[in-house]
Amino acid sequence: MRRRTMLLSYVLIHVIAASLVAKSIAQAPIRPPDVMFVPTPQEVVDAMLKMAKVTANDVVYDLGSGDGRIPITAAREYGARGVGIDLDPRRIKEANDNAKAAGVSDKVTFLNQDLFTTDISDATVVTLYLLASLNLKLLPKLMRELKPGTRVVSHAFGIGDWKPERTIRVNGRSVYYWTIPEKQP
Ligand SMILES: C[S@@+](CC[C@H](N)C(=O)[O-])C[C@H]1O[C@@H](n2cnc3c(N)ncnc32)[C@H](O)[C@@H]1O
């Protein structure tokens, strides 16, 4: 009887350990993110979306979407469609939970992908809170994939030599605004 209990405990411990390992593998990012998660304060999110004049006709992409606050706010406040892209599956789960709590799950999609390889061509507004170096690396993709007239808004960081059309300050933070120019023949 005692041997059977010991055997059962042994099997149980191994099953639990295996499921914990499987869970942590499933939650690990595809590769390490290029920048860690630091959320944009809500008042800055609001200012970014206002600056981009977001409406219900827009498709708002947040590249590196963290807890999803930018696409969720765009959907909740303006009725826009939102798409968030993040390498970290924990952020994707958090964003989906937040979208559900905000009642906008039908309007937002969160993709567990690399922002450098995801097709972003149906965006009409792109939001960024990355790093100056990542924005610079992203510039050719923005110019190549986005339609002329697409609005780009970045919290805190510029995009290389691309001169912003507008810059505002919100509680000591800079927000930059550009529109994608007509393609050169
Ligand atoms: C500074 S946080 C910004 C979060 C959100 N956009 C905001 O403003 O609140 C950057 C996010 O980008 C994600 N990230 C970093 N590199 C990435 C990549 N190559 N592709 C997709 N997401 C990435 C991180 O996991 C993190 O959640």
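Colleague: Which elements are included in what covers the buried residues of helix 3?

Modeller: In this predicted model, 8 of the 10 residues of helix 3 are buried, so the helix is largely enclosed by the rest of the structure. The buried ones are Arg69, Ile70, Pro71, Ile72, Thr73, Ala74, Ala75 and Tyr78. Their cover includes helix 2 (42-51), strand 1 (59-63), strand 2 (81-85), helix 4 (89-102), strand 3 (108-111) and strand 4 (125-128).

Colleague: Is Ala74 buried or exposed?

Modeller: Ala74 lies in helix 3, which spans residues 69-78. A residue needs 20 or more other C-beta atoms within 10 Å to count as buried. Ala74 has 31 of them, so the word for Ala74 is buried.

Colleague: With which residues is Ala74 in contact, leaving aside its neighbours within four places in sequence?

Modeller: Thr55 is 19 residues from Ala74 in sequence, with 8.2 Å between the two C-alpha atoms. Contact is judged on C-beta atoms instead, with a limit of 7 Å. Under that rule the partners of Ala74 are Leu49, Val54, Val60, Ala80 and Gly82.

Colleague: Which residue follows helix 3, and what is its phi?

Modeller: Helix 3 covers residues 69-78. The residue that follows the helix is Gly79, and its phi is positive, near 75°.

Colleague: Which residues of strand 2 stand opposite Val59 and Val60?

Modeller: Strand 2 pairs with strand 1 in the parallel sense. Val59 is opposite Arg81. For Val60, the residue opposite in strand 2 is Gly82.

Colleague: What is the bridge partner of Val125 in strand 5?

Modeller: Strand 4 and strand 5 pair in the parallel sense over 4 bridges. Strand 5 (residues 151-155) is mostly covered, with 5 of its 5 residues buried. Arg151, Val153 and His155 are on one side, and Val152 and Ser154 on the other. The partner of Val125 is Arg151.

Colleague: Is Thr117 buried or exposed?

Modeller: Thr117 lies in the loop between strand 3 and strand 4. Its C-alpha atom is separated by 9.1 Å from that of Lys141, 24 residues apart along the chain. Thr117 has 8, so it is exposed.

Colleague: Which residues come nearest the ligand?

Modeller: The shell around the ligand divides into 11 nonpolar, 5 polar and 7 charged residues. Of the 23 residues in it, the nearest are Pro33, Thr40, Gly64, Gly66 and Tyr129.

Colleague: Over which residues does pLDDT stay under 50?

Modeller: The mean pLDDT of the protein is 90, and 85% of its residues reach 70 or more. Where pLDDT is low, the predicted coordinates should not be read in detail. The model has 0 contacts beyond four places in sequence for the stretch where pLDDT stays under 50, residues 10-25.

Colleague: In what order do the elements of the protein run from the N terminus on?

Modeller: The protein has 5 helices and 7 strands. Of its 185 residues, 35% count as buried. Among contacts between residues at least 6 apart in sequence, 67% join residues at least 24 apart. The order of the elements is α-α-β-α-β-α-β-β-α-β-β-β.

Definitions and conventions
Residues are numbered from 1 along each chain as its sequence is written. This is a predicted model: local features need pLDDT of at least 70, side-chain atom pairs count only at pLDDT 80 or more; totals for chains, interfaces and linings use all residues. A residue is near a molecule or strand if its C-beta atom, placed from the backbone, lies within 6 Å of it. Ala, Val, Leu, Ile, Met, Phe, Trp, Tyr, Cys and Pro count as nonpolar, Asp, Glu, Lys and Arg as charged, and the others, Gly among them, as polar. Helices (H or I, at least four residues) and strands (E, at least two) are DSSP runs, numbered from the N terminus. A residue is buried if 20 or more other C-beta atoms lie within 10 Å of its own, exposed if 12 or fewer, and partly exposed in between; C-beta atoms are placed from the backbone. Two residues are in contact if their C-beta atoms, placed from the backbone, lie within 7 Å. pLDDT is the predictor's confidence in each residue, from 0 to 100. Two strands pair if DSSP finds at least two bridges between them.
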